[in-house]
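User: I would like to go through the terms used for this structure and see what each one rests on. Please set the values against the cut-offs where that is needed.

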Amino acid sequence: MAASSVAASELLQHMNKHISIFYPKASCVIRRISTSSLRCCSQPQLKVKSAPQQLVGVVGLEVHAQINSNTKLFSGSSVRFSAPPNSLVSPFDATLPGTLPVLNIRCVEAAVMTALALNCTINRKSLFDRKHYFYADLPAGYQITQQRRPIAVDGLLAYSFLGGKKRNQVIKKSVSIKQIQLEQDSGKSLHDDLRSQTLIDLNRAGVGLMELVMEPDMSCGEEAAAAVGELQLILQTLGTCQGNMSEGQLRVDANVSVHEPGEPLGIRTEVKNINSIRYLARAIDYEIQRQIAVLQRGGTVQSETRAFDSKSGETVPMRDKEGLQDYRFMPEPNLPPLIVYEDNASLPTGIDACQAVVVQKIREALPELPAVKRERLVQAYGILPEHSLTLVNEEGLVEYFEAVLRATKKEPRKVIGWVTNDLVGHLKQQDMSVTQSPISPKALAELLELQETGHISSSAARRVFQEMWRSPGKTAAQIIQEQDLGLVSDTSQLHSICQKVLDAHPDVVNAIKSGNKKVLNKLMGLVQRETKGRADPVLVRRIIEEKTS
């Protein structure tokens, strides 16, 4: 093995000497590829030394985000989901002879804005490359991308998720962003099994993508899902990607391996084209367990590309994993280096600022990002961090919550439970968005105001909420009147009901008199049952305490 490594190294030096004459930067690329390959070959296979629980997962992600642009990356063809097949294809998209790429400035600005939001370093000069591979829906036989020098590098994505035993503890993590690169999408292959043929739709060919490469800083599906969820929120907030995964606007490739902590990383597999955050978590967790099982049996994890079968919940083999050398990267000869400028003062003479990409201008246009919004909500309204996480993670929920607050005098900490528990719970049960809620912010505020002013109890308020959900045309006041849910305000009537409950439960009364105050809640519940939830709990407690003292 040592002799073969030396021979291979001498061969690489000889190759680099000749290649560097024509491509000065290519030699370092080939050296990096080849030495990495030698290390992989000489690295011993991972063996299970002890209990399988010592093996841990390692996860890195590659996220392909479709840029929110009216036209494609290098052509003037429109971008529209579900358009008739091959109706949005320019001569360049179809790779007709003599056609040349023209870079879309909107796509560049979107990539720069995304990079700024993710704390990346913007490369003032980036380059385009050709990545060669054959698919029927890639007419040119190569993809224009950024391999050697992408538009941005070295970023950081901070994300949070609810964990702990009760799933109510905010856990904060972060993942490093290796790079963000611009590239074009491929077309789409439509398989007709009945006719045993495959049809090609080139509408998607050439659509602008941002590929975000995340370092292997995660350990399980839950972390990866939270990171992608946060990224999706950021992209939607920026407007650089609509992030609709069901329409393929956000697709994730997961690189998964297992190893013992402190040992070299294991052989990784790639799970391709996952189009759901829920499926992403399931695919990663399954793949980690599959690799652990392979190693437990004394086998070797294969370096391969796999797909996730959502029906079986398993990953299945697709093909061997390609290496960098398989793609035969080369500089794109039809595109000059991409230059971005820090500010207007750095623009060369004669360059129109409207035709250039200026980082400072894009930085000033950054909106309030999700993490900043969560912190603002906590500080402004005194709510818990876990509540702010729920508010921001559900599209439109912050606006709903703040609209309720503007229409009621109820404290934010009393409103938040109604929004994050009652409202969100009903929405999830029926798979509805916030904008589809049958209860408007104004209607919920009216209900909460009636509760706050003592017209109904909290239990009655929830009954009213249920009826408002079923009958959107009815107001809270109408339902309270129709179902006679108003609070019992007659003190003498409440005294009579409380006395009746006490007489029926002398053992509980004796326990209270003996110092066991906890059982008082049982008597209060019985009173509420008698009044169908219409009794003022504060008044009921005071009456019971007086009668049992």
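User: Which residues in α11 meet which residues in α12?

Analyst: This is a predicted model. On the α11 side the residues are Lys-414, Val-415, Trp-418 and Val-419. On the α12 side they are Leu-444, Leu-447, Leu-448, Gln-451 and Glu-452. By class, this contact of α11 with α12 has 6 nonpolar, 1 polar and 2 charged residues.

User: What makes α11 and α12 oblique to each other?

Analyst: The axes of α11 (residues 412-429) and α12 (residues 441-452) cross at roughly 135 degrees and come within 12 Å. Angles of 65 to 115 degrees count as roughly perpendicular and those over 145 as roughly antiparallel, with oblique kept for the rest. The angle of roughly 135 degrees is therefore called oblique. As for handedness, α11 passes α12 in a right-handed crossing.

User: Why is α4 called roughly perpendicular to α8?

Analyst: α4 and α8 (residues 370-381) pack at an angle of about 95 degrees, and their axes are 9 Å apart. The range for roughly perpendicular is 65 to 115 degrees, so α4 is roughly perpendicular to α8. The contact is made by Glu-230, Leu-233, Ile-234 and Thr-237 of α4 together with Pro-370, Ala-371 and Arg-374 of α8. By class that contact has 4 nonpolar, 1 polar and 2 charged residues.

User: What does α4 touch on the sheet of 9 strands?

Analyst: The order of this open sheet is β2-β6-β7-β10-β1-β11-β12-β13-β14, and its pairing is mixed. Helix α4 (residues 221-238) packs on the sheet and touches β1, β6, β7, β10 and β11. The direction of α4 makes about 115 degrees with that of β6. Helix α9 (residues 385-393) also packs on the sheet, touching β6 and β7, and its direction makes about 115 degrees with that of β6.

User: What makes β2 and β14 edge strands?

Analyst: In the order of the open sheet, β2 and β14 stand at the two ends. β2 (121-122) and β14 (314-320) each have a single partner strand, so one side of each is left without a neighbour in the sheet.

User: How do you know that β6 and β7 pair?

Analyst: At least two bridges between two strands are needed for a pair. β6 (residues 152-163) and β7 (residues 169-184) have 11 bridges, in the antiparallel sense. In one of them Gly-155 has Ile-177 in β7 as its bridge partner.

User: Which strands does β1 pair with, and how do you know?

Analyst: β1 is joined to β11 by 10 bridges and the two run antiparallel. β1 also pairs with β10 in the antiparallel sense, over 5 bridges. Val-63 stands opposite Val-252 in β11, and Leu-212 in β10 is a bridge partner of Val-63.

User: Why is β1 described as largely enclosed by the rest of the structure?

Analyst: Of the 11 residues of β1, 10 are buried, so the strand is largely enclosed by the rest of the structure. Over the protein chain of 549 residues, buried residues make up 44%.

User: Why is Glu-270 called buried?

Analyst: Its relative accessible area is 4%. Buried means under 20%, so Glu-270 is buried. Glu-270 is found in strand β12 (residues 269-274).

User: Is Thr-420 buried or exposed, and what touches it?

Analyst: Thr-420, found in helix α11, has a relative accessible area of 8%. The cut-off for buried is under 20%, so Thr-420 is buried. Apart from neighbours within four places in sequence, Thr-420 is in contact with His-387, Thr-390 and Leu-391.

User: What makes β5 and β15 the edge strands of the sheet of 3 strands?

Analyst: The order in this open sheet is β5-β4-β15, with antiparallel pairing. β5 (142-145) and β15 (330-331) each pair on one side only. β4 (residues 129-132) is joined to β15 by 2 bridges, and at least two are needed for a pair. Arg-130 stands opposite Met-330 in β15.

Methods:
Residues are numbered from 1 along each chain as its sequence is written. This is a predicted model: local features need pLDDT of at least 70, side-chain atom pairs count only at pLDDT 80 or more; totals for chains, interfaces and linings use all residues. Side-chain values use heavy atoms; hydrogens and water are left out. Helices (H or I, at least four residues) and strands (E, at least two) are DSSP runs, numbered from the N terminus. Contact means heavy atoms within 4.5 Å. Axes are lines fitted to C-alpha atoms, for helices over the stretch in contact, and angles run from 0 to 180 degrees between N-to-C directions. Angles under 35 degrees count as roughly parallel, over 145 as roughly antiparallel, 65 to 115 as roughly perpendicular and the rest as oblique. A crossing is left-handed if the near helix is turned anticlockwise from the far one by less than a right angle, and right-handed if clockwise. Ala, Val, Leu, Ile, Met, Phe, Trp, Tyr, Cys and Pro count as nonpolar, Asp, Glu, Lys and Arg as charged, and the others, Gly among them, as polar. Buried means under 20% relative accessible area, exposed over 50%, partly exposed in between (1.4 Å probe, protein chains only).
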